[in-house]
Amino acid sequence: MATTMKKRTVVICGGGLTAGLIARQLTAKNVDVLVLERGYDHTRAAEAKLPNQRDELRWATHAGLAQDWAVQTYTLRHGRNETALPVRRMEAFLPGEGMGGAANHWNGQTWRWAEYDPTLRTRLEGRYGRKAIPADMPIQDWGVTYGEMESYHDLFERLFGIAGKAGNLRGQIQAGGNPFEGPRQNEYPQPPLETTEAGVIFTRAAENLGYKPFPMAAANSPNAYTNPDGMKLGQCQYCGHCERFICEASAKGSPEVLLFPMLLKRPSFELRLRCHVLEVEYDRQAKRVRGVRYVDLMTGEEYEQPADIVVLASFTMSNTKYLLMSGIGQPYDPTNGSGVVGKNFCHQMMSGVNVFFKDRWINPFLASGASQTCVDEFNEDNFDHTGLGFFGGGYIYSNVTNGRPIASRLVPPGTPAWGSSWKQANADWYAHSFAITAHGSWYPHRENYLDLDPTYTDAYGQPLVRMTMDIRDNERRMSEYCTQRAEEIAKGTGATIVASGTPRRGPYDSRVYQTTHVTGGTIMGADPGTSVVSPHSQHWDAQNLFVVGASVYPFNAGYNPTGPLGALALRLGDDMVRYIDRPQIL
Amino acid sequence: MSTNSTDEGLLTGRRLFLRQVATLAGSASLAPKVIGAAAVAAGSAIAAPASAQPAGAPIASAPAFGYESLGPDEASFVEAMVNVMCPADNLTPNGVDCGLAVFIDRQLAGGFGTGDRLYMRGPWKQGKPQLGYQLPLTPDQFFKAGVAAANAACRGRFDKDFDQLEPADADAFLRDLAGGKISDIRVPLGQWFNELVYPLFTQACFADPMYGGNNGKVFWKMIGYPGLPATHTRDMVNFRGKPYPGAKDPKAIQDFS
C-alpha cells in the first residue's frame with residue numbers, strides 16, 4: 001500500500017531541461033513546485049570532475065550517463081506484422097538520468113527551427129498544393145507560431161549563454177549568419193566559438209558552391225558568462241568531451257549548472273531525486289489528474305503524491321508511456337489513423353562523407369560539441385522540393401566535435417580492420433580527417449508509432465514502450481539527396497581522399513547512434529482530434545495535466561530540438577502561472 | 001605512471017612460471033603456442049628488435065596479477081588473437097604487450113562482462129540483426145561460448161586450436177569470422193566477432209590505459225591523441241591547422257590521479 005504524501009501545487013515528472021525551465025518561471029512567482037527525478041545529482045561525482053570526466057570508455061562507449069537499459073528499455077519492430085524484441089542495449093539514442101537529464105550530456109548544438117516549422121503543413125500545402133503531401137505523412141501545424149515563441153527563444157538563449165552569429169535581425173539578413181534563420185529581435189548573447197580547421201576548409205568549399213556557411217549556435221560558452229539570473233558559465237576548453245559527458249568546466253549551458261543550483265535555493269522548490277514515477281492518477285469522469293504514483297529508489301517503497309497540477313517533463317518515450325499507462329487520451333491506432341497517443345514517432349537521419357587531407361592538420365581533439373560550421377541551404381523547406389519526391393532535408397556541416405580515440409578515428413575506404421596496415425592508416429589519418437555530415441529531418445509516417453509492448457516488462461513490472469518504426473521512402477530519398485549535396489562540398493575541399501557518401505537507407509538499426517532526438521508520441525496541435533496537447537501544452541483530456549518536451553513535436557526537423565524545447569518550456573511556465581490564477585483550458 | 005621495472009619483473013616471472021609449468025607438466029593445453037611464444041619473445045624488452053619499439057616508447061607492461069576472468073585456454077586464444085590483430089611492428093609492440101588481452105579480461109570480469117546496463121529479461125527470441133543482441137548470456141558468457149565455438153571451428157578446418165595456427169592462417173581465420181563465413185550450430189560467430197570481440201579489441205587499443213590496455217599510451221602516441229587534461233582554449237587558436245606538440249607525449253588519467 002502506497003504512502004500518501006502531502007499535496008503539492010505542481011508536480012513535475014522528470015528533472016531535466018524542461019523541468020528546470022518551467023520551475024524557473026513558476027518559483028519566480030512563489031508557486032510550490034516538486035520535481036520527481038529518477039536519477040541522482042552528478043555534479044560532484046566522477047563524471048563531472050577531472051581526471052575521470054575524460055574517460056571515453058566509461059561515459060561514451062558504455063554511455064554511463066544514459067538510461068540504465070537493465071531497468072528499462074524499449075522494444076522495436078519494423079512493421080506491425082512483426083514481433084517486437086527488446087533492444088537490450090540501446091545505441092541509437094541516449095536518454096539521460098539524473099538532475100539535468102539528457103541536457104547534461106548534450107553537445108550544445110542550439111537551433112531555433114525555421115520560421116515556417118511550427119506551420120509546416122500550411123507551408124507545404126501553400127507551396128506545393130494540398131495534394132502534394134502524401135496521405136501516409138500525417139504532418140501537422142503546432143498551433144503556435146514562431147513569432148509567439150520568439151521572445152522565449154531569446155530568453156532561453158540569454159539564460160544558456162548561447163554563442164552564435166545572427167543571420168536575420170528583425171528581418172535584415174546578416175552577413176556571416178544563417179540567412180535561413182527566422183527573424184530574431186536580438187543578436188546571440190555571446191559571439192561564436194572559434195572555428196575548427198575543418199570549419200576553415202568547409203567554409204571555403206561551401207562558399208565556392210555559392211552557399212552561405214556560418215558558425216553553429218552553441219551552448220558551449222566561448223567566454224566566462226553570467227546569465228540574467230546571475231548564474232555563471234565557465235569558459236569552454238575545447239576538450240572534445242561534450243556529448244555523452246558532463247562539462248567539468250561548467251562551460252556547457254546545462255540545467256545542472258544554470259537552473260537547479262538556483263532553484264534549490266528558492267523556498268517554493270523541491271527536487272526529490274531517485275524517485276521513479278510509475279503513473280499519473282487520472283479521474284476519467286472529472287477529466288482531471290489527481291497526482292502521481294512513484295517508487296522511492298532508495299527504499300523501494302511506493303508513494304502517492306497528490307498535486308493540483310502535473311507536468312510530464314520526461315524524455316519523449318517516458319512522456320508517452322505515462323499517458324498510455326495511465327489511460328489518458330486515446331491511443332493511436334495505425335489501422336485506421338484514429339487516436340493520438342503514440343502517434344508521429346520520429347527520429348533523425350544522419351549521413352555523410354569522410355574526407356582525408358595528407359597535408360592539413362585537422363586535430364579533431366581541438367573541438368567542442370558545437371564548434372562547427374554549417375550550411376542551411378538544404379534543410380527542410382529552405383529549397384524547392386518540386387519533383388524531388390520527398391519533403392524535408394538537413395543542415396550540412398563540418399562534423400568535428402571531438403577526437404576521442406575509441407570512436408572518432410576515420411580511416412580511408414579499403415583499410416583492413418586490424419593488423420599493421422590498419423595501425424598505419426590510423427597513424428596516418430587520425431589527425432588529418434573529418435566527416436562532412438548531413439543532419440537530416442524525419443517526417444512522420446502513419447506506420448511509425450509508439451504503444452505498450454504486450455510481452456516485455458521493465459524492472460517495475462510495467463510494459464516497455466514498443467517502437468514500431470522504420471526508415472520509409474520519404475526519409476530514404478531525403479538522405480540520398482542531402483548526402484549527394486555533402487559529397488559535392490567534400491569534393492570541393494581539395495581532400496586527398498574523398499570517401500563515398502553513406503546515405504542512411506535502413507532498416508532502422510538500434511545498434512547505430514543517430515541523434516538523441518526522438519520526437520512525437522504526445523504531439524501538439526490546435527485540433528483535439530489529431531493532437532494530445534493543445535498549443536499551450538495542455539492535455540485535451542485533463543486540463544490540469546501538461547506535457548512538455550520533444551514528445552510534443554508533430555514531426556522532427558533537420559535541426560537539433562533543444563531551442564524550441566527551451567522556448568516551449570519557458571512559455572509553458574508562464575502559461576501555468578496564468579492557469580494557477582484561473583484554471584481553465586488555456 | 002603505469003610502467004615500471006617492477007611490473008616488467010612480474011611479467012617476466014609470470015611468463016617464466018607458465019612456461020616452466022608447461023614444460024614440467026607436458027600438458028598440451030599449457031604448452032607454449034606458436035603465436036603465444038612469439039609474443040613472449042617479441043614482448044620482452046630485451047628480445048624485441050630495436051626496430052619494434054618506437055623511439056622513446058616506454059617498455060610495455062602486462063598483467064601483474066594474472067587474469068580475472070579468462071581460463072588458460074581462453075587466455076591463449078585471446079593472446080593469440082590480439083597478437084594477430086596487433087602484430088609487433090614499427091608502431092607498437094604486439095597486442096599482448098600492449099595490454100590488449102588484459103583489457104579484454106578485465107572488461108569481461110567487470111560490470112560490462114557481467115551484464116551491467118544490459119536488459120536481461122525474457123522471453124528470449126532471435127530476431128533481425130537491427131534489433132541487436134538477443135541471447136540470454138552475459139557478455140562474459142557469450143565471449144567464452146564464442147571462444148569455444150571458434151576453437152572448434154578451427155580444429156575442424158586446421159586440426160588445431162586457434163592459438164596454434166601460423167599467424168597468416170590465424171589472420172585469415174579471423175577475417176572469415178568477421179565475414180560471417182565461420183558457422184557454428186549454436187553460437188552466432190559473425191555477430192560474436194563483430195559486435196563483441198572487435199569492439200573490445202579497439203577499446204583495448206584506445207581506451208585510457210588505466211583499464212589495462214593501451215600500455216604506455218602507445219596507441220595514443222601512434223595516432224597523436226594528446227589525452228588529458230585537454231584544456232585547449234588557447235590551443236584551439238594557436239594550433240589550428242598545425243601539428244599539436246602535446247600529441248607526442250599524451251597524458252592519461254593516471255597522470256592526474
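This is a predicted model: local features need pLDDT of at least 70, side-chain atom pairs count only at pLDDT 80 or more; totals for chains, interfaces and linings use all residues.
Let us start with one pair of residues: Tyr449(A) faces Thr468(A), which belongs to strand 21 of chain A. Strand 20 of chain A and strand 21 (residues 463–468) of chain A run antiparallel and are joined by five bridges.

The open sheet around them has four strands in the order 5-4-21-20 (chain A), with mixed pairing. Strand 5 and strand 20 of chain A are at the edges with a single partner strand each, so one side of each has no neighbour in the sheet. Helix 8 (residues 316–326) of chain A packs on this sheet, where it touches strand 4 (74–77), strand 20 and strand 21 of chain A. The direction of helix 8 makes about 70 degrees with that of strand 20 of chain A.

## A sheet of six strands in chain A

Chain A also holds an open sheet of six strands, in the order 8-17-18-19-16-22, and here the pairing is antiparallel. Its edge strands, strand 8 (214–215) and strand 22 of chain A, each pair on one side only.

Met349(A), for instance, stands opposite Gly440(A) in strand 19 of chain A. Helix 10 (residues 473–491) of chain A packs on the sheet and touches strand 16, strand 17 (373–375), strand 18 (394–399), strand 19 and strand 22 of chain A. Its direction makes about 20 degrees with that of strand 16 of chain A.

## Where chain A meets chain B

Now to the interface. Contacts link 69 residues of chain A with 72 residues of chain B. The area buried between chain A and chain B is about 5900 Å², and carbon and sulfur atoms give 60% of that. Of the area that chain A buries against chain B, Arg88(A), Trp418(A) and Lys423(A) supply 17%, more than any other three residues.

On the polar side, 31 residue pairs are in polar contact across the interface of chain A and chain B, both residues at pLDDT 80 or more. The elements of chain A that give two or more residues to the side touching chain B are helix 2 (56–61), strand 5 (85–86), helix 5 (197–208), helix 9 (420–429) and strand 20 (449–457). Helix 9 of chain A provides the largest share, six residues. By type, the residues on this side of chain A divide into 32 nonpolar, 22 polar and 15 charged. The rule finds four salt bridges across the interface of chain A and chain B. Lys128(B) forms a salt bridge with Glu82(A), where the closest N and O atoms are 2.7 Å apart.

## Backbone details to check

Most residues other than glycine have a negative phi, and most peptide bonds are trans. With that in mind, Asn344(A) has a positive phi of about 60 degrees although it is not a glycine. Asn344(A) is placed in strand 15 (residues 343–346) of chain A.

There are also cis peptide bonds to look at. One runs from Gly506(A) to Pro507(A), with omega near 0 degrees; Pro507(A) is in the loop between strand 22 (497–498) and strand 23 (519–521) of chain A. In chain B, Leu228(B) and Pro229(B) are joined by a cis peptide bond with omega about -5 degrees. Pro229(B) lies in the loop between helix 8 (218–223) and helix 9 (235–238) of chain B.

Key
Residues are numbered from 1 along each chain as its sequence is written. Chains are lettered from A and ligands numbered from 1 in the order in which they are written. Side-chain values use heavy atoms; hydrogens and water are left out. Contact means heavy atoms within 4.5 Å. Buried area is the accessible area (1.4 Å probe) that two parts lose on being put together, summed over both. A salt bridge is a side-chain nitrogen of Lys or Arg within 4 Å of a carboxyl oxygen of Asp or Glu. A polar contact is a pair of N or O atoms within 3.5 Å; within protein, one must be able to donate a hydrogen and the other to accept it, and residues adjacent in sequence count only if both atoms are side-chain atoms. Ala, Val, Leu, Ile, Met, Phe, Trp, Tyr, Cys and Pro count as nonpolar, Asp, Glu, Lys and Arg as charged, and the others, Gly among them, as polar. Two strands pair if DSSP finds at least two bridges between them. Axes are lines fitted to C-alpha atoms, for helices over the stretch in contact, and angles run from 0 to 180 degrees between N-to-C directions.
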